[in-house]
Amino acid sequence: MFIGFYDYTMILTYLSLVSAGTGIIVSLSGHGHPFIGIFFLMFSGFCDAFDGKVARTKKDRTPTQAKYGMHLDSLSDIVAFGMLPACIGSALIKTSPYLRDTLDIYDGSVRAAVIHVVLNAILVFYALCALIRLAYYNVTEEERINRQEGPRKYYDGLPVTNSALIFPTVMLLQYITRMDITLFYFFVALITAFLFISKIKVFKAGVKGTIVCVLIGAAIFAAMVIFRFVIKK
């Protein structure tokens, strides 16, 4: 009746995309809600942490299903970890007291226009680097599978899924320091973008590494909930 595959191995990837799409809409709605959008980024990261492991539990997957799952994961990742962090950054521009009151980016001056262009260029560059990283991974992963080299031990460049820990940590600083972290967010986005396309070797986290990352993410999530909804009212 429908094209595509809908067995349990795809559920987490679909949920990650739904979460990312919702986060983009929330972040860009009205005057922008970047701190709400970051929760959806973290949920997408949680789904991505386990989608591959869930998929490998199905032993009778056809080659078509396996390839579909791999491409589906990358397409979801560009939305969740490429576009969503960029949209959160765009929302920060609209909500930043520092950009509004100190730099007067809405005063219509040439300086304001330049600042807008530079900040938005960083976001576009970030999304582009995430796309390049994922496309490169897809190609090399297919080649590796065809050579039957076994499980991957490391990645070339920083995996885009690390965004699910990097940017929530940056946003958490807003509550800890009580300083406007907007420009720091953009600085981190720029550095992260370069790491996506760099040739650094990043060892692939095993089961223990994944659990540690999930626990760190859960701690950040809990801290943000406490600061946003309990301490700061």
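1. Leu84 is buried, with a relative accessible area of 0%, and its place in this predicted model is in helix H3. Setting aside residues up to four places away in sequence, Leu84 touches Ala20, Gly23, Ile24, Ser27, Gly37, Phe40, Leu41 and Val79. The C-alpha atom of Leu84 is also separated by 9.8 Å from that of Ser163, a residue 79 residues apart from Leu84 along the chain.

2. Helix H3, which spans residues 63–95, packs with helix H7, and their axes come within 10 Å and cross at roughly 155°. That angle makes H3 roughly antiparallel to H7, since an angle over 145 degrees is counted in that way. The handedness of the crossing of H3 and H7 is left-handed. On the H3 side the residues in contact are Pro85, Ile88, Gly89, Leu92 and Ile93, and these meet Thr182, Tyr185 and Phe186 in H7. Divided by class, the residues of this contact of H3 with H7 are six nonpolar and two polar, with no charged residue among them.

3. Helix H7 (residues 182–197) also packs with helix H6 (residues 163–177), here at an angle of about 165° and with the two axes 10 Å apart. H6 and H7 are therefore roughly antiparallel to each other, and H6 passes H7 in a right-handed crossing. From H6 the contact draws on Ser163, Ile166, Phe167, Val170, Met171 and Leu173, while H7 supplies Phe184, Tyr185, Val188, Ala189, Thr192 and Phe196. By class, the contact of H6 with H7 has 10 nonpolar and two polar residues, and again no charged ones.

4. Leaving aside the neighbours of Thr13 within four places in sequence, the residues in contact with Thr13 are Asp51, Leu72, Asp73 and Ser76.

5. How many salt bridges does the structure hold? There are two, and in general side chains of opposite charge can pair when their charged atoms come close. In one of them, Lys201 pairs with Asp156, the closest N and O atoms being 2.4 Å apart. Lys201 lies in strand S2 (residues 201–203) and Asp156 in strand S1 (residues 154–156), so this pair ties together parts that are 45 residues apart in sequence. Lys201 is partly exposed, with a relative accessible area of 48%, and Asp156 likewise counts as partly exposed, at 24% relative accessibility.

6. The side chains of Asp60 and Lys58 also meet in a salt bridge, with a distance of 3.2 Å from N to O. Is Asp60 buried or exposed? At 56% relative accessibility, Asp60 counts as exposed, because the cut-off for that class is over 50%.

Definitions and conventions
Residues are numbered from 1 along each chain as its sequence is written. This is a predicted model: local features need pLDDT of at least 70, side-chain atom pairs count only at pLDDT 80 or more; totals for chains, interfaces and linings use all residues. Side-chain values use heavy atoms; hydrogens and water are left out. A salt bridge is a side-chain nitrogen of Lys or Arg within 4 Å of a carboxyl oxygen of Asp or Glu. Buried means under 20% relative accessible area, exposed over 50%, partly exposed in between (1.4 Å probe, protein chains only). Helices (H or I, at least four residues) and strands (E, at least two) are DSSP runs, numbered from the N terminus. Axes are lines fitted to C-alpha atoms, for helices over the stretch in contact, and angles run from 0 to 180 degrees between N-to-C directions. Angles under 35 degrees count as roughly parallel, over 145 as roughly antiparallel, 65 to 115 as roughly perpendicular and the rest as oblique. A crossing is left-handed if the near helix is turned anticlockwise from the far one by less than a right angle, and right-handed if clockwise. Contact means heavy atoms within 4.5 Å. Ala, Val, Leu, Ile, Met, Phe, Trp, Tyr, Cys and Pro count as nonpolar, Asp, Glu, Lys and Arg as charged, and the others, Gly among them, as polar.
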